[in-house]
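Please read these notes with the model open beside you.

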Amino acid sequence: MSSVETAGGRERRGRRPARVAGDITQLPWRQPRNLLQPVELVSADQLESIHEAALTILEEIGMDVLLPEARDIFKAAGARIDGLRVRADRGLVLDAVAKAPARFTMYARNPAHNLEVGGEWMMFSPVASPPNCSDLERGRRPGNRADFRDFLKLGQFFNILHLTGGYTVEPIDIPPDIRHLEALRDIYTLTDKATHSYSLGWGRIRDGIEMCRIARGIDRAQLEREPSLMTIINTSSPLRLDSPMAAGIIEMSRAGQIVVLTPFTLAGAMAPVTVAGAVAQQNAEALLGIALTQLVRPGAPVIYGGFTSNVDMKSGAPAFGTPEYMKAVLVGGQLARRYKLPYRTSNTCAANSVDGQAMYESVFSLWAVVMGRGNLVKHSAGWLEGGLCSSFEKLVIDVDTLQMVASFLEPLQVDDSTLALDAVREVGPGGHFFGCEHTQARYRTAFYAPLVSDWRNYESWREAGAPNAARHAHRIYKEIVGAYEAPPIDPGVKEELDAFVDRRVREGGAPSEF
């Protein structure tokens, strides 16, 4: 299959952009395939050393697991328990991890948006969880439901954003106990792509699973056969798995839904200052969490997540898009492939504004993601301030970059037609190819058509008001939001979803368990 095939197998072989409102164009929906040879940053022997170090951490040092039920599961499997501390022999861990699937399908409310997870497939989700958002018109502000809904509209509109990876900005004006209910209602009514639910205690994740079942219009048995919901599990580095996260692993795995096990290991702060040491700790924390998914339900879908970066040793602030981050991404990919697991990565930066720093750190992140063969790319569009702010303009600019990545990953065709010897004969020495038959038949789709990039000459650009990329992106986002129409939803599904949310809101939602 080519890299432009959809997960469902329907091909879109042409590169003609889909035309939408006004003069905004974008690539058609498709899920990219990365057929490039991944970069092997460390040798096989070095990779084995990192693997062995991680297993030694789990055997000799162990991890604190705060949830009693999770410790009971580990104990029943043969782990040694000492208070909160869980120490697991390598055989226990590796036997469990080996039961996880290398590849699976993630189902969306709209079957046309189903996704293949693992192997050579890539999928991009926008930024998730910042407490603030910003745009050129209104500046930086706390997250709120109106902006959250506008981000959802952008996420649904852009074909290169394949799923909703969480709250694109935290809607903090919704009370915490019912926020998951109202936010997921917005997600399921304003989008029809695959989505995510936060693991913030038993009640919230159970509500998320039930709302996913309702939104897809299926019964529980079918939901357990068809992974349709994703949750991100972050260990509390170093070497700690807290109760809400462990509850999320257990509940999602029991339901056959997708767990993305992602330690948040910042070298020099929550992990050793060396990249090798930080990745070894990341690996230990990830393996123990992945093992828990398989002890709960063998074969449960799980993704190996890496989020190792470094800090500014002058201030302690997280740094992203750094050479160290890139190295950690590449080695994380080697480890995920060693265990035959799908790999989660991220598109990150530490910039505080939509400027050159924001883009070169993001491009370096994406280079590592592609060459490390990341499958799920979290925070792929809109991330700013090290994850503390969602930017409307950066989301649009990142979409342009992601579309370039997808176009770059299309295999280069080399055949009689593309070698174009007839065109070279027609033009001959000293001519030009603008008017030749070969060009005329292909010029509309020959090259990637940018969403934001401005290719006009200086005089034309200046006559148009000299817009920069951020201003252009602002206009695009406002045009999309202003003309947005929600995707259709079955009236019966909508009624059942509203009834569930309204009932749970009346009951008080899910009080915080942390």
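1. The radius of gyration is taken here over C-alpha atoms, and the globule rule is 2.2 Å times the number of residues to the power 0.38. For 514 residues a compact globule would have a value near 24 Å; the chain has 23 Å, which agrees. The C-alpha trace spans about 80 × 60 × 50 Å along its principal axes.

2. This is a predicted model: local features need pLDDT of at least 70, side-chain atom pairs count only at pLDDT 80 or more, and totals for chains, interfaces and linings use all residues. Residues are numbered from 1 along each chain as its sequence is written, and side-chain values use heavy atoms, with hydrogens and water left out.

3. The chain has 18 helices and 22 strands. Helices (H or I, at least four residues) and strands (E, at least two) are DSSP runs, numbered from the N terminus. Of the 514 residues, 57% count as buried. Buried means under 20% relative accessible area, exposed over 50%, and partly exposed in between (1.4 Å probe, protein chains only).

4. The structure holds 39 salt bridges. A salt bridge is a side-chain nitrogen of Lys or Arg within 4 Å of a carboxyl oxygen of Asp or Glu. One of them joins Asp207 and Arg504 (2.9 Å, N to O). This pair links distant parts of the chain, with Asp207 in helix H6 and Arg504 in helix H18 (residues 491-506), 297 residues apart. Asp207 counts as buried because its relative accessibility is 6%; Arg504, at 11%, also counts as buried.

5. Which residue forms a salt bridge with Arg504, the closest N and O atoms being 2.9 Å apart? Glu507 does. Glu507 is partly exposed, with a relative accessible area of 49%.

6. Arg213 sits in helix H6 (residues 202-216). The side chains of Arg213 and Glu210 meet in a salt bridge (2.8 Å, N to O). Both residues lie in helix H6, three residues apart, about one turn of the helix. Is Arg213 buried or exposed? Arg213 counts as buried, because its relative accessibility is 16%, while Glu210 is partly exposed at 25%.

7. The side chain of Arg213 also reaches the backbone oxygen of Ile218 at 2.8 Å. Not counting residues up to four places away in sequence, Arg213 touches Ile218, Asp219, Arg220, Leu223 and Glu496; contact means heavy atoms within 4.5 Å.

8. A network of salt bridges links Arg145, Arg149, Glu182, Arg185, Asp186, Lys494, Asp498 and Asp502.

Notes. Polar contact = N/O pair within 3.5 Å; in protein donor to acceptor, adjacent residues only side chain to side chain.
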